[in-house]
Amino acid sequence: MSGTVTGKEPVAVVGIGQTKHVAARRDVSIAGLVREAAQRALDDAQLTWAGIDAVVIGKAPDFFEGVMMPELYLADALGAVGKPMLRVHTAGSVGGSTALVAANLITARVHGTVLTLAFEKQSESNAMWGLSLPVPFQQPLLAGAGGFFAPHIRAYMRRSGAPDTVGSVVAYKDRRNALKNPYAHLHEHDITLEKVQASPMLWDPVRYSETCPSSDGACAMILTGRTGAARAPHPPAWVHGGAMRSEPTLFAGKDFVSPRAGRDCAADVYRQAGITDPRREIDAVEMYVPFSWYEPMWLENLGFAAEGEGWKLTESGVTELDGDLPVNPSGGVLSTNPIGASGMIRFAEAALQVRGQAGEHQVDGARRALGHAYGGGAQFFSMWLVGTEPPPG
Amino acid sequence: MTAAPSPDVLRAPLVVEFPFTRSLGPVQSAFLTGLRERTVLGVKTAGGGVLVPPVEYDPVTAEEIRDLVEVAPTGTVTTWAWNPAPRRDQPLRTPFAWVLVKLDGAATALLHVLDAPGPDAVRTGMRVRIRWAAEPTGAITDIACFEPCEREDSGAAAPHDGRFADPVTGITTPARLDYTYSPGRAPTDYINALAERRTVGERCPSCRKVYVPPRGACPTCGIATAERVEVGPRGTVTTFCIVNLKARNLDIEVPYVYAHIALDGADLALHGRIGGIPYDQVRMGLRVEPVWTEGGRYPDHYRPTGEPDADYDAYKELI
C-alpha cells in the first residue's frame with residue numbers, strides 16, 4: 001500500500017434492487033426471492049458476484065417463516081461462498097440496521113464492496129402468531145396486531161390536539177404515492193379520501209385503510225467506497241450519516257409517542273451530516289410508518305416539527321409528493337410491508353431519490369434524503385442520511 | 001456454575017407449533033414432484049457435478065442452475081450414525097441409522113435413514129436402495145427409508161426435463177419446539193400474589209420506580225430489584241383503543257375496550273380490558289378497579305370505580 005490511509009472511507013450506494021412486492025410470491029422459494037433483488041442490485045451496479053467481497057443480510061424473527069438461521073441456507077443464492085456473511089437482527093428496524101452494518105464495513109475499510117439485503121416472505125407464516133406465542137402464566141395480548149399501536153396513537157392525539165382526520169390524510173397520500181411506484185404492493189387505483197375515512201374502524205382510532213399490508217418481498221443494495229463509486233455506471237448516493245439507537249420495550253418513563261432512542265438517533269445522524277435545520281435542509285424522507293398516524297408522530301420525533309406540531313405539516317400538504325418535505329414518496333410501509341425488508345426499502349428509496357432514479361415518484365431536485373426504520377415495540381431505531389454529493393473531507 | 005433451579009419458581013411446558021408453508025420454486029418443485037413419481041432428480045452444475053438433493057444456485061460459482069438430471073434409486077452410504085431411540089415424527093419407529101447416501105450418478109450425498117437390524121449391520125461403503133412410501137405425496141418422506149441391497153453402481157445420471165403432470169408447487173412443514181418455561185423469581189412472586197388477588201411489584205433501589213409486573217431488575221438502571229411493593233387495586237386508564245376486530249383465539253365479544261392501566265403506586269401501566277361501562281364512554285383518566293372471576297389468574301377485566309376522573313397531569317408521564 002502506498003502511504004498511510006487515514007480517516008473514514010466514504011460510503012456510496014451504487015446498486016439498488018427490489019422485487020415487486022405482493023401478498024404472496026408462490027412462484028419462488030425464499031432463495032429465489034432474495035436472488036431476484038440481489039441480481040437487480042448487481043445489474044444496477046453493473047457488477048457480477050465476483051465483485052462482491054461480503055454479504056450482510058437481515059430479516060425479522062425466524063418464527064416469521066420458520067426457517068432457523070436462514071442465512072445458512074441462502075449463502076448459495078447470494079454468492080456468499082468463500083466470503084464473510086453476517087446476519088443482523090433488530091426486529092422491524094432490521095432492514096435499516098443491516099444496511100448500516102454493511103456501510104460500517106466499507107467505512108472501516110474492512111471490505112471494498114458489500115452486498116446488503118433484507119427480506120420477508122410473510123405468506124409462509126403468520127407474523128401475528130410469531131409475535132404472540134402463548135407463554136405460560138402470561139396474560140394473553142387482548143387486542144391483535146393494531147391493538148399494540150392504537151393506544152399510543154390516541155395518546156398522541158390527546159397530547160397534540162390533532163384533529164382525528166389526520167390519519168386518513170396520511171393513508172390517502174401514501175396510497176396515491178404507491179400508484180407511482182411499480183414495486184409497491186398495494187396499487188389502489190380508485191382510492192379516495194372518502195374511501196379511507198369510510199373503511200372499517202378496526203382498533204379505534206385506527207381504520208383498516210390506515211394499516212399496513214402483509215407482503216412478500218426483498219430489497220438489496222450494493223455499497224462501496226470511493227474507488228467503486230468512480231467505476232459505477234450510474235450516479236451513487238453518498239452516505240452522510242448513519243446511526244442506531246435502542247431502548248427497552250417497557251420501562252418506567254418510556255415515551256411511546258416520541259421515544260428518546262428515536263430522537264437521539266436522529267440527532268446523531270444530523271450531527272454527522274452537518275444538518276442543523278432538518279425541515280429546511282432535507283428534501284425527502286422515507287420513514288417507517290406502519291399505521292398512518294405515525295407520520296405526524298415521527299415528524300416530531302425526528303425533529304422536523306416541534307412537539308405537538310407534526311400533524312400540521314401533514315394536514316397542510318407539506319408531506320405530499322409535491323410538498324416541500326415529501327414523506328414516503330414510495331408509498332411507504334402503508335403500501336408495502338415485507339417486515340424484515342421494510343427498513344431497507346426506506347433506506348434504498350432515500351438513496352433512489354438522491355440518485356434521481358425514483359422514476360414517477362421522484363422528488364424534484366432531491367439532494368439530501370433521510371431513511372428511517374424502527375421496530376420491536378419502539379425498541380430499535382436506525383437511520384441514514386444520503387446525499388447527491390460525496391461527504392466533505 | 002449456575003445455581004440449581006429453585007423449587008419455588010414456577011415452571012410449565014411451552015409448546016411452539018406452527019404449520020409453515022413453503023413455496024418451492026422451480027427446482028424443489030421438480031425434485032418433490034419427482035419423488036411422488038418415484039424418480040430422483042438432481043441438478044447438474046456448469047462444472048459437470050450432479051447435486052442431489054438439488055439446489056437452485058451453484059454453491060461454487062453462485063450461478064443459477066436449472067439443468068435437471070435423473071439419478072438411480074440405489075447408492076452408497078458415505079457415513080452414518082446409529083439412532084437407538086427414535087423420537088416422535090422421525091421416519092422410522094424402530095431403531096435405525098441416520099445415513100448420508102450418495103445415489104448412483106450423484107456427486108453429493110442425501111441425508112436420510114436406513115432400516116437395519118442393528119449398528120453391526122451398517123457400514124460406510126455399503127450398498128443401499130430406496131424403499132418408497134406406499135402413498136407418495138410429493139415430499140421427502142416419499143422416500144420411506146433406505147434398505148440394504150446388493151446391486152452394483154448403476155452409473156451415470158440421465159437428463160430429465162423435470163416436467164410432470166400436476167406438479168407440487170408448495171408444501172406444509174409443521175414445526176414444533178418443546179420447551180420448559182420458567183418466568184423466574186420475580187414474576188413467580190407476582191403471579192403467586194395474584195392468586196390472593198393482590199398485585200405486587202418491585203421497586204428499583206436506585207431510581208425508586210415501581211415495576212409491575214416485576215422482572216427482577218430495573219431496565220433503566222440495570223440493577224436487581226428486590227423490595228416488594230403492593231400496588232392498586234385501583235388505577236387510572238392512561239390510554240386505550242376500542243377493538244372491533246374479533247381475534248381468532250379470544251372469546252370476547254366486540255367491540256370492547258383494551259386499555260393501559262396505571263395501578264395506584266405503579267410507575268408504568270399494564271394492560272387490561274374495561275367492562276361495566278359502554279365502550280364508547282371509556283376515556284383517558286377513567287378510574288377503574290379489577291373484577292375477578294373464579295379461577296382466573298388475572299383480573300377478568302377492570303370496571304369504573306365511580307371516582308372522578310384523574311387529572312391528565314397526574315398520569316401523563318405514565319402513558
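Modeller: Let's start with a term: two residues are in contact if their C-beta atoms, placed from the backbone, lie within 7 Å. The model is predicted, with local features needing pLDDT of at least 70 and side-chain atom pairs counting only at pLDDT 80 or more, while totals for chains, interfaces and linings use all residues. Residues are numbered from 1 along each chain as its sequence is written, and chains are lettered from A and ligands numbered from 1 in the order in which they are written.

Colleague: Thanks! How many residues does the contact take from chain B and from chain A?

Modeller: Chain B contributes 49 residues and chain A 42 residues. On the side of chain B that touches chain A, the elements giving two or more residues are β1 (12-23), α1 (25-36), β11 (170-181), α2, β15 (235-243), β16 (256-263) and β17 (270-274) of chain B. Of these, β1(B) gives the most, with 8 residues.

Colleague: And what makes up that side of chain B by class?

Modeller: There are 31 nonpolar, 12 polar and 6 charged residues on the side of chain B that touches chain A. Here Ala, Val, Leu, Ile, Met, Phe, Trp, Tyr, Cys and Pro count as nonpolar, Asp, Glu, Lys and Arg as charged, and the others, Gly among them, as polar.

Colleague: What makes β5 (residues 201-204) of chain A a partner of β15(B)?

Modeller: Pairing needs at least two bridges found by DSSP between two strands. Between β5(A) and β15(B) there are 2 bridges, and the strands run antiparallel, so they pair by that rule. Trp203(A) stands opposite Val243(B), and Asp204(A) opposite Ile242(B).

Colleague: Which strand of chain A is joined to β5(A) by 2 bridges?

Modeller: That is β6 (residues 206-207) of chain A, which runs antiparallel to β5(A). Trp203(A) stands opposite Val206(A) in β6(A), and 1 residue lies between the two strands of this hairpin.

Colleague: Which residues of helix α2 (residues 185-194) of chain B are buried, and what does the word require?

Modeller: Buried means 20 or more other C-beta atoms within 10 Å of the residue's own (12 or fewer is exposed, in between partly exposed), with C-beta atoms placed from the backbone. In α2(B), Ala186(B), Asp189(B), Tyr190(B) and Leu194(B) are buried. Looking down the axis of α2(B), these residues fall within an arc of 140°, so they line one face of the helix. Their cover includes β12 (199-203) and β14 (227-231) of chain B.

Colleague: Why is helix α11 (residues 294-301) of chain A called mostly covered?

Modeller: 8 of its 8 residues are buried, among them Trp298(A) and Glu300(A). The buried residues of α11(A) pack against α5 (150-160), α6 (166-178), α9 (260-273), α12 (310-315) and β10 (368-375) of chain A. Just after α11(A), Gly303(A) takes a positive phi of about 85°.

Colleague: How does the radius of gyration of chain B compare with that of a compact globule of 319 residues?

Modeller: The radius is taken over C-alpha atoms, and the globule rule is 2.2 Å times the number of residues to the power 0.38. A compact globule of 319 residues would be near 20 Å, but chain B has 31 Å. The C-alpha trace of chain B spans about 90 × 45 × 40 Å along its principal axes.

Definitions and conventions. Helix = DSSP H or I, 4+ residues; strand = E, 2+ residues; numbered from the N terminus. Arc of directions from axis to C-beta.
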